[in-house]
Amino acid sequence: MQLQRNPSELTGILGAEKINLLESINDQTKWRAYRDTYAKAQNLSIITPYPTQIDFELNATCNLACPMCPLSTESNTQKTHINFPYDLFCKIIDDGVPRGLRAIKLNYLNEPLLRKDLEQFIAYAKRAGVLDVYFSSNGLLLNPNRIQSLMDSGLDRIQISIDAHSKEVYDIIRPGGDYNRVIQNVLALLATRKQRGSITPLVRVNFVRTERNEHELESFIGFWRDKADMIGVQEMVLPTKSQESIRSKTTEKKASFGCSFPYKQLVITAEGLVLPCCTFWGEKMPLGNIITHYQRHGSVDLGRFWLGEQMRELREIHKNGEFSKSAICAKCISGALG
């Protein structure tokens, strides 16, 4: 496996080409058109009439309190009762698929497996024609029954955030977790998939590189190289709310950077906020609220957000490598890349 990193992305992926294994379970023409559009959006060379991908935060909760995540701060505790409504999700999917929606990710900052009905969302999206359904998880709740139900639902991909190759480092990065249980859960998923003779869900393990764990990166890759389908090596985006600085000593510094997120996707939070990107800093740039918009106008049209003035301005500055013109983008990208 070779590390592939698009210059407009903050994540390098070993085995990235394996995503095209999903072509065999989809309409070939639609799949190739989706990946072609996605690649052009990654290169900032196309503006689609509708987002190719939507990320849904179905719940505003997590079962860990990682120091690099805003959800671990006290200011977010008032959101813990919020769940994104299933009926509105279905309306957005039904509106989006005919207009170009091809992929959905079922989380933002949250732990999606805390939603007991997560599989219902996955199954609906697959029936409606979404080609690529996936989510990221810390893997703690990936027990045998959940593995079976996720596979039955039609899940295409799953990304497990581990960030360590030892219990000692894992306990620093992900306090309150259980390193050995997560490893066994991922291996059990891979074994169950093999037993069922399925190629899905494709499994990616993630490593967010910081000064606390980067000495374990090579051993992490060595362990997972012949097990997981993909390995994600991500740059650390500084938290929007944190009492400590978490950085990487080995990240390559960049003076200019054009982010592809405003060209590819929108994020919808549990309370309905529509965001232009999926990093921590996205919540600082809300485009509006789809729940209140639906209540007032009876419309779930995300095109008004996607093609609005805020998104146009973001695309322009990133196309020109001028991310520093946005104070929020500057904090996000400078924190990750120099």
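Buried means under 20% relative accessible area, exposed over 50%, and partly exposed in between (1.4 Å probe, protein chains only). I'm working on a predicted model, where local features need pLDDT of at least 70, side-chain atom pairs count only at pLDDT 80 or more, and totals for chains, interfaces and linings use all residues. Residues are numbered from 1 along each chain as its sequence is written, and side-chain values use heavy atoms, with hydrogens and water left out.

Entry one, salt bridges. I take a salt bridge as a side-chain nitrogen of Lys or Arg within 4 Å of a carboxyl oxygen of Asp or Glu. The structure has 17 of them.

I looked up Lys-40 and found its side chain in a salt bridge with Asp-36, 3.2 Å from N to O. Both sit in helix H1 (residues 28–42), four residues apart, about one turn of the helix. Helices are DSSP runs of H or I, at least four residues, numbered from the N terminus. Lys-40 is partly exposed because its relative accessibility is 37%, and Asp-36 is partly exposed at 38%.

Next I checked Arg-32, which pairs with Glu-23 in a salt bridge, closest N and O atoms 3.0 Å apart. Arg-32 is partly exposed at 48%, whereas Glu-23 is buried at 16%.

Entry two, His-318. I found His-318 in helix H11 (residues 309–319). His-318 counts as buried, because its relative accessibility is 2%. Its side chain reaches the backbone nitrogen of Cys-259 at 3.1 Å. Leaving out residues up to four places away in sequence, I listed what His-318 touches, including Leu-44, Phe-257, Pro-262 and Ile-333; contact here means heavy atoms within 4.5 Å.

How values were computed: A polar contact is a pair of N or O atoms within 3.5 Å; within protein, one must be able to donate a hydrogen and the other to accept it, and residues adjacent in sequence count only if both atoms are side-chain atoms.
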